[in-house]
Amino acid sequence: MPKALSFNKDVCTGCRACEVACSFKHFQEFNPVKSNIHVSIYAEEASFVPLACIQCAVPLCKEVCPTGALQKSEVNGAPVINVIVEKCVGCKMCMLACPFGCITVSDTGRAHKCDLCGGDPECVISCNTGALSFQSTEESALQQKRSVVDKFHSHQEECI
Amino acid sequence: MNGWTGKILRVNLTHQKLTVEALDEKIAEDYIGGRGLGLKYLYDEIDPSIEPLSEENKIMFATGPLTGTGALAASRYTVVTKSPLTGAIANSNSGGYFPAEMKFAGYDMIILEGKAKKPTYLWIENDQFELRSAEELWGKDVNETTEWVVEQTHPEAKVVCIGPAGENLVKFAAIMNDKGRAAGRSGVGAVMGSKNFKAIAVRGTNGVSIADPQGFMDNVAFAHEELTDPYMSETIAKYGTADVVEFSNEVGLLPTRNHQQGTFESAEKIGGMALAKDYNLKGASRTKACFSCPTACGRVTKVTEGKFKSSGEGPEYETIGALGSACGNSNLEAVIKGNHVCNEMGMDTISAGSSIACAMELFEKGLIPKEDIGFDLNFGNGEAMVDLLYMAAKREGFGDKLAEGSFRLATHYNAPEYSMSSKKQEFPSYDPRGGQGFALAYATSNRGGCHIRQEVHCVEFFGINLLDIVETGENLDRFATEGKPDVVKKIQDYYCMIDSSGICNFIAIATPNTHVLIKMIETCTGINFGGLDGFLKTGERIFNLEKMFNLKAGLSVEDDTLPKRMLEEPFTEGPGKGHVVQLAKMLPEYYSVRGWSDIGIPDQNKLEELGIASI
């Protein structure tokens with residue numbers, strides 16, 4: 001049962017602690033644009049959606065990389081695509097290929113993306129609401145099922 | 001510099017000239033940021049006796065060294081200017097996302113001076129900035145303005161702006177940011193309006209660097225552990241500050257019908273539970289946070305149908321007190337709608353609600369004739385309250401008088417004693433007769449009627465410790481006066497530091513270990529306070545310079561007072577029954593503890609000790 005970073009938008013409050021934690025971990029500065037995780041804000045609906053690389057099984061970034069700078073490996077039970085900085089030439093092909101915008105080229109001229117912090121993601125540590133977790137995908141799916149059914153169940157009770 | 005960006009953007013509207021200046025490092029060390037930094041520059045650059053709505057006044061938008069960092073709730077900035085409501089120093093603090101974005105763009109402070117010939121807004125993208133025409137925007141509300149400006153600049157831009165109330169120089173107009181957050185008090189929005197200045201949009205992609213990264217992050221982790229107060233970190237997270245309504249009512253200090261009583265028979269109808277159950281979009285749970293805040297006290301509410309149909313941020317406790325119990329209004333939908341109207345028009349909910357409450361009492365006592373208002377204005381009339389909010393923002397009819405605030409309104413009708421204010425600024429939703437310490441704090445607050453520049457009430461009846469400053473158990477009988485002057489002084493000095501640091505005071509109060517904040521600022525900036533004493537001395541310097549500003553602005557010992565009702569009319573019911581504020585018993589001792597003369601003027605020795613004797 002592979003682990004993955006999972007997102008629960010229902011409990012995210014849009015505090016963006018994950019963004020500052022990520023940029024600090026990787027760049028030693030507090031700077032959301034350098035973060036590998038981003039929270040989209042829909043304030044009027046009190047809706048906040050965190051998104052980071054989902055470590056695709058068929059990583060298009062890796063497929064398209066002409067220098068082999070993206071490599072697939074595993075950390076702490078989770079598949080991860082890592083950037084081999086020495087091989088990266090900053091051509092940005094990976095940015096074109098990723099459908100989620102989850103890889104970018106920073107002011108160092110090299111690509112960066114979520115590396116799961118080597119198996120203990122800082123964003124998860126910084127998250128105060130449980131919107132981010134690092135767990136098996138089955139567990140995440142189960143929670144999602146439960147949350148949908150809970151809503152259905154409470155409405156059903158109201159109807160009765 | 002670390003923590004600070006080291007840059008100030010000066011915007012001269014008269015000459016349409018924008019310049020970047022280096023932040024004075026000595027001033028940064030002595031005044032930190034936010035409330036203190038803005039004050040120091042304002043004090044040095046304007047004559048405090050000027051007319052607040054004249055071209056000579058300036059507005060300082062000041063962040064703190066912690067703003068935009070990973071510190072808890074590092075989301076704040078302070079708007080510092082001379083207040084048109086009080087004639088005293090104004091320092092209105094707000095959170096949301098704008099303050100951090102301003103820091104990411106590379107500025108500790110933006111100084112706004114002069115007056116534009118035509119409506120103008122400012123667009124900043126890192127080191128690029130320009131003044132643009134806001135003629136199309138004039139008259140638009142806060143939501144419309146924010147959306148228009150984002151459309152014209154950058155989808156990720158964060159916006160501060162004024163609404164129609166600021167344009168119309170309403171004495172309690174706010175400066176709004178991120179639509180629903182307010183630098184609310186003291187009429188700072190009117191100063192912005194007087195300059196023909198509508199908005200600032202900012203986009204920043206720079207980072208905030210830290211002097212001692214490892215030490216800083218260790219402190220952040222420690223702060224999370226020390227965030228122990230369950231009321232602030234759990235209950236407020238679930239219900240927002242609206243939860244305080246029931247509590248204040250139980251202890252008998254919920255302002256009711258313009259402070260005629262301290263208990264409201266319908267408190268539970270307008271409290272946190274009711275708000276969560278039917279109106280908050282996420283029910284009884286964390287809803288919307290400011291930048292980097294673990295508490296998320298913000299509410300996002302919707303009234304789906306009827307005459308109070310509306311949606312937006314709030315209400316929080318103060319708003320519910322002002323638009324609810326103070327107006328004798330038990331209709332939560334009217335409170336919510338009123339809050340949303342204030343947000344859209346850009347008005348302080350506290351002063352707006354309290355001014356309407358004052359008008360209601362004057363009407364019921366026959367002191368305002370019905371023909372002046374145009375309709376009946378009895379307590380409990382939520383519909384009239386909402387109408388009056390629009391009228392005040394637009395200065396239509398009776399709204400023109402209301403827009404001057406409760407003190408000027410009541411004075412106009414020869415009854416100033418019915419304005420529940422100090423230094424002409426309306427009280428927040430804790431009746432001072434409910435605690436002698438925070439009553440003294442209301443009377444001596446440099447910006448007038450205010451709870452949040454010194455949360456003495458949190459110590460007096462929430463029982464919160466502030467490690468090494470005020471311990472629970474010390475002078476905690478809220479109706480006692482003994483020792484309170486010393487407690488008030490210490491908390492006022494401490495809050496000067498919180499408000500200058502860039503973090504939210506809710507987090508500071510929920511983290512009773514005051515050393516956390518000290519270490520946070522030290523590891524962030526690299527400065528050394530030399531322990532708690534040095535830290536509080538910096539706060540005391542800020543407080544005393546504010547006092548000097550006020551004295552030069554013409555305020556005096558006569559202004560350190562409270563309305564007759566607080567001093568002479570005891571509550572007739574509830575747990576506060578029989579109590580009045582014993583101000584005369586505390587004020588001389590307070591001045592003495594401060595090292596001030598018996599008419600509240602700082603002694604030369606005190607000024608020398610604080611390093612401000614020469615100014």
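The legends below describe close-up views of a predicted model. Residues are numbered from 1 along each chain as its sequence is written, and chains are lettered from A in the order in which they are written. Because the model is predicted, local features need pLDDT of at least 70 and side-chain atom pairs count only at pLDDT 80 or more, while totals for chains, interfaces and linings use all residues.

**View 1. The two domains of chain A.** Chain A is divided into domain 1 (1-52 + 116-160) and domain 2 (54-113), with bounds that come from an automatic or database domain assignment. The C-alpha centres of these two domains of chain A lie 22 Å apart. Twelve residues of domain 1 of chain A are in contact with 13 residues of domain 2 of chain A, a contact being a pair of C-beta atoms, placed from the backbone, within 7 Å.

**View 2. Helices α18 and α20 of chain B.** The axes of α18(B) (residues 436-444) and α20(B) (residues 484-501) come within 9 Å and cross at roughly 55°, where axes are lines fitted to C-alpha atoms over the stretch in contact and angles run from 0 to 180 degrees between N-to-C directions. Helices are DSSP runs of H or I with at least four residues, numbered from the N terminus. From α18(B), Q436(B), G437(B), L440(B), A441(B) and T444(B) meet K484(B), P485(B), V487(B), V488(B) and Q492(B) of α20(B).

**View 3. Chain B as the setting.** The C-alpha trace of chain B spans about 60 × 55 × 45 Å along its principal axes. Among contacts in chain B between residues at least 6 apart in sequence, 71% join residues at least 24 apart.

Notes:
Helices (H or I, at least four residues) and strands (E, at least two) are DSSP runs, numbered from the N terminus. Two residues are in contact if their C-beta atoms, placed from the backbone, lie within 7 Å.
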